[in-house]
There are 2 protein chains.
Amino acid sequence: MLNKIETFIDNLSFPVNPVGLYEPITYSLEMGGKRIRPVLTLLAHELYKPCGEAAMNAAVAVEMYHNHTLLHDDLMDGAEMRRGKQSVHKKWNANTAILSGDTMLIEAFRLIDNCKCQRAEEARKLMIDTMIGVCEGQQYDMNFETRNDVSEAEYLEMIRLKTSILLACAAKLGAIVAEAPESDCNAIYNFAECIGLAFQVQDDYLDVYGDPAVFGKKIGGDILCGKKTFLLINALQRANAEQREELLSLINNAVILPEEKIERVTQIYNTLDIPAITQQRIAQIYDEARQHFAAISLTAEAKQPLWNFAETLLGRKS
Amino acid sequence: MLNKIETFIDNLSFPVNPVGLYEPITYSLEMGGKRIRPVLTLLAHELYKPCGEAAMNAAVAVEMYHNHTLLHDDLMDGAEMRRGKQSVHKKWNANTAILSGDTMLIEAFRLIDNCKCQRAEEARKLMIDTMIGVCEGQQYDMNFETRNDVSEAEYLEMIRLKTSILLACAAKLGAIVAEAPESDCNAIYNFAECIGLAFQVQDDYLDVYGDPAVFGKKIGGDILCGKKTFLLINALQRANAEQREELLSLINNAVILPEEKIERVTQIYNTLDIPAITQQRIAQIYDEARQHFAAISLTAEAKQPLWNFAETLLGRKS
């Protein structure tokens, strides 16, 4: 499935000129990554029908759109690295990230238009609604940077918009193109949305409590950059006045040694029972995912591949 | 016609939150401007049919897209003012211009999708091809900033992509939605493209030789910011070694008095016969526009409104 996606992406033919516009697009698409979203589209589609051109176009439309968001988000967030390479605005410049990013957004619409299927209009509307939601999520995320009173509900809504609904859209698109029953399309959407939420909260958890060898990123990265994670937000909500003051001064402390910062913040998390609270929330979301999965009108065996993919994603199974 | 467009834009209902995302969109759309593109869509449409919802959605899709390009281009070009007000990246910040701009691009696609007509697929393809061309034009424009060897052909191709094809797309969309014959759709496209080109070259001319009272902008602005205009490009191509050196040193001279800079550059233009060369090119493009206009299969009387609009745009008639 991954091979089919890579081949399809390799065969997208962009003009050579202007080089400054198209080279960064190829660079971004060839960075690879796990192609989680297009795989999800194809997986959901194959629950109902073998994948053809329509499914491939839908899958790669989502991947193209996702890569567009990386160019713009990395610029907005000042992120210099992406998948172990320089991000586009760093390798070229801000204008390149903006304009090549715009081109990728437009090309995503071309791919969606190339997805000829019975329910093309529904597919397009889903893409548009999702893209708007993702913009809203990014805006909330930026707003949260300067706020210390973000609630858990606000945080979950932000990550739902910023990341989960695109996974949900990817999966539902596959089902729509396969002409799956509407109730199945919705169950698949809700299932993937929950998996996305669980993944994001778990990512926050693993940043502090993960095994560095398995997690793949340095432990404590979120604490060092003062990111408003599920853990920090809950800690700020639950802390007494003294703990809250300590937390805020630690987060804003730019001279403290990194190891000490990580250790002291983690200590406060532990005191406030944040690990257990986080695990409970993940379990609850996972349970919701299971309920939505159960609502898909296929035999347990037929729909198993979708469940397996979600478990692999969440690292519950490798 | 302008009233219908303004009302339609006023009735677009965006969510309130997140305020930081939607407020700049309303700000941008309410800046007004001449609404040249949507008017052109409606004018072309009314040559064949009275305007309904489909035509309105197509017209405002083009305007929404155009405003998206203003947010991103002003940021890329560092332009602080737009229609007498602060540009979005200046009033808010760069991230706002990027993200609200992205949202407007996506909303343009929603409007195009709301344009329910027989040839919706053709309309969407035209929009996508045009948007990609506009990105290419902006890239060429940025590339030209650091080049002194841009040819007239390259320059005309750049302004064709950056500005003319969107006018052409706007007009053709109106005809497509009205189900005009394909040959008429193409003639209208080519006509509007020529008018756009003529307008742009004339804009370059008027920046130096215009009547300040009529032109509406300060004379010599392009010279002061060293913009690669039709005039400068032709002057650089036709100058002898000495004139070329003087031109380049003048353009890059940051300490010379503005009036002196304008006067000396204008003097070189005059010596090189640039005003006459420019006027000849405008006349030639205008003549091409006339030929495309003649190919529209309607009576002279029926298609007159389109010609009148073009003449008003070019200031040949007020």
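Predicted model: local features only at pLDDT ≥ 70, side-chain atom pairs only at ≥ 80, totals over all residues.
User: Which element gives the largest share of the side of chain A that touches chain B?
Analyst: Counting two residues as in contact if their C-beta atoms, placed from the backbone, lie within 7 Å, 28 residues of chain A are in contact with 28 residues of chain B. The elements of chain A that give two or more residues to this side are α2 (19–30), α4 (53–77), α6 (94–114) and α7 (120–144), where helices are DSSP runs of H or I with at least four residues, numbered from the N terminus. The largest share, 12 residues, comes from α7(A).

User: How many residues of the side of chain A that touches chain B are nonpolar?
Analyst: Ala, Val, Leu, Ile, Met, Phe, Trp, Tyr, Cys and Pro count as nonpolar, Asp, Glu, Lys and Arg as charged, and the others, Gly among them, as polar. On that division, this side of chain A has 6 charged and 7 polar residues, and the nonpolar ones number 15.

User: Is α8(B) largely enclosed or largely open?
Analyst: Helix α8 (residues 152–177) of chain B has 26 residues and reaches 35 Å from its first C-alpha to its last, close to the 38 Å expected at 1.5 Å a residue, a span taken as 1.5 Å times one less than the number of residues. It bends by about 45° at B:Leu161, the bend being the angle between axes fitted to the seven residues ending there and the seven starting there. A residue is buried if 20 or more other C-beta atoms, placed from the backbone, lie within 10 Å of its own, exposed if 12 or fewer, and partly exposed in between. Because 20 of its 26 residues are buried, α8(B) is largely enclosed.

User: Which residues have the most contacts inside the largest nonpolar core?
Analyst: A nonpolar core is a set of buried Ala, Val, Leu, Ile, Met, Phe, Trp, Tyr and Cys residues joined through C-beta atoms within 7 Å. The largest has 197 residues, and those with the most contacts inside it are A:Ala58, A:Ala61, B:Ala58 and B:Ala61.

User: Is B:Glu179 buried, exposed or partly exposed?
Analyst: B:Glu179 lies in the loop between α8 and α9 (182–209) of chain B, and its phi is near 55°, a positive value in a residue other than glycine. With 13 C-beta neighbours inside 10 Å, B:Glu179 counts as partly exposed.

User: What is omega for the peptide bond that joins A:Asn17 and A:Pro18?
Analyst: A:Pro18 lies in the loop between α1 (2–10) and α2 of chain A. The bond from A:Asn17 to A:Pro18 is cis, with omega about -5°.

Terms used. Residues numbered from 1 in each chain as written. Chains lettered and ligands numbered in written order.
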